[in-house]
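Trainee: I'm new to this one, could you walk me through it?

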Amino acid sequence: MELSFAHEASQRTLKQRNILALACIILGALVLVMFVAATTRDREVVLQPILPSEMVLSSAAVSPEYLEAVTRDTAQLALNRSPENLQYWLDGLIAIAAPEARGPLKANLLKIIDEQQDSQVTQFITIDWIRTDPENLTSQVGGVLHTIVGSRDVRREHKIFEFHWQHTGVSLRLKGFGVVVKKEQEQ
């Protein structure tokens with residue numbers, strides 16, 4: 001009698017162990033499938049609260065609308081500066097720059113700060129147009145660049161600025177920007 005009771009208890013324990021092992025295998029496989037799905041699937045972020053329409057930033061590509069919005073905001077930050085906001089200007093541009101571009105970009109921006117620090121020179125742009133190329137991650141901004149010394153508007157020039165971007169994951173970072181010089185002006 002004791003032998004049959006011990007055998008029955010042993011079988012019950014063996015059955016519970018086998019069910020637990022099967023549940024662990026199934027859960028492990030499920031975690032593995034979910035991990036693979038999460039790492040291989042394109043991620044996207046929907047940007048909506050303050051924009052006129054819904055925009056999507058995906059890890060697969062950058063939409064032209066999002067690139068245009070980021071270019072517009074970056075151009076406003078980069079091309080509107082005065083002696084009073086130079087530190088904010090520098091910090092803002094460095095914050096959106098790609099990590100490998102921060103050093104050279106900061107060196108160039110510090111030269112501008114040294115030139116403009118104790119002056120009364122203010123610059124701002126009125127944007128005429130923006131063109132984007134999401135495939136090459138570049139964008140161009142055309143507009144009138146105003147230079148003001150004191151309270152006088154001393155120069156108004158139509159210029160084109162080009163911005164270069166880096167896209168990794170769901171992040172878009174500034175690699176660099178500058179004035180586009182036409183071939184006729186070089187000669």
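This is a predicted model: local features need pLDDT of at least 70, side-chain atom pairs count only at pLDDT 80 or more; totals for chains, interfaces and linings use all residues.

Trainee: Which residue forms a salt bridge with D73?

Mentor: R72 does, and the closest N and O atoms are 3.2 Å apart. A salt bridge here is a side-chain nitrogen of Lys or Arg within 4 Å of a carboxyl oxygen of Asp or Glu. D73 is partly exposed too, at 45% relative accessibility.

Trainee: How many salt bridges are there by that rule?

Mentor: The count is five. One of them links E8 and R12, at 3.8 Å from N to O.

Trainee: Where do E8 and R12 lie?

Mentor: Both are in helix α1, residues 2–40, and they sit four residues apart, or about one turn of the helix. Helices are DSSP runs of H or I with at least four residues, strands are runs of E with at least two, and both are numbered from the N terminus. E8 is partly exposed at 48%, and R12 is partly exposed at 45%.

Trainee: And which residues are linked in a network of salt bridges?

Mentor: R155, E157 and K159. Within it, the side chains of K159 and E157 meet at 3.7 Å, N to O. K159 has a relative accessible area of 23% and is partly exposed, and E157 is partly exposed at 30%.

Trainee: Let's zoom out. How many helices and strands are there in the protein chain?

Mentor: Five helices and six strands. Along the sequence they follow the pattern α-β-β-α-α-α-β-β-β-β-α.

Trainee: Which strands form the open sheet, and in what order?

Mentor: Four strands do, in the order β3-β4-β5-β6, with antiparallel pairing. Two strands pair if DSSP finds at least two bridges between them. At the edges are β3 (121–133) and β6 (171–179), each pairing on one side only. From one strand to the next, the twist averages 30 degrees.

Trainee: Which helix packs on the sheet?

Mentor: Helix α2, residues 64–79, touches β3, β4, β5 and β6, and its direction makes about 165 degrees with that of β3. Contact means heavy atoms within 4.5 Å. For angles, axes are lines fitted to C-alpha atoms, for helices over the stretch in contact, and the values run from 0 to 180 degrees between N-to-C directions.

Trainee: Over how many bridges do β4 and β5 pair?

Mentor: Strand β4 (residues 138–149) and strand β5 (residues 152–168) pair over 12 bridges, in the antiparallel sense. T138 stands opposite H164 in β5, and G143 has K159 as its bridge partner in β5. The two strands form a hairpin with two residues between them, and G150 in the turn has a positive phi of about 70 degrees.

Trainee: How many bridges join β5 to β6?

Mentor: Eight, and these strands run antiparallel. F163 has F177 as its bridge partner in β6. This is also a hairpin with two residues between the strands, where G169 in the turn has a positive phi of about 60 degrees.

Trainee: Changing topic, how many residues does the largest nonpolar core have?

Mentor: It has 26, and W89, L93, L109, F163, W165 and L172 have the most contacts inside it. Such a core is a set of buried Ala, Val, Leu, Ile, Met, Phe, Trp, Tyr and Cys residues joined through side-chain atoms within 4.5 Å. At least two core residues come from each of α2, α3 (86–96), α4 (102–116), β4, β5 and β6. The largest share, seven residues, is from α2.

Trainee: What does L172 touch?

Mentor: Leaving out residues up to four places away in sequence, L172 touches V62, Y66, L67, V70, L137, W165, Q166 and H167.

Trainee: Last one: what share of the protein chain do buried residues make up?

Mentor: They make up 27% of its 187 residues.

Notes
Residues are numbered from 1 along each chain as its sequence is written. Side-chain values use heavy atoms; hydrogens and water are left out. Buried means under 20% relative accessible area, exposed over 50%, partly exposed in between (1.4 Å probe, protein chains only).
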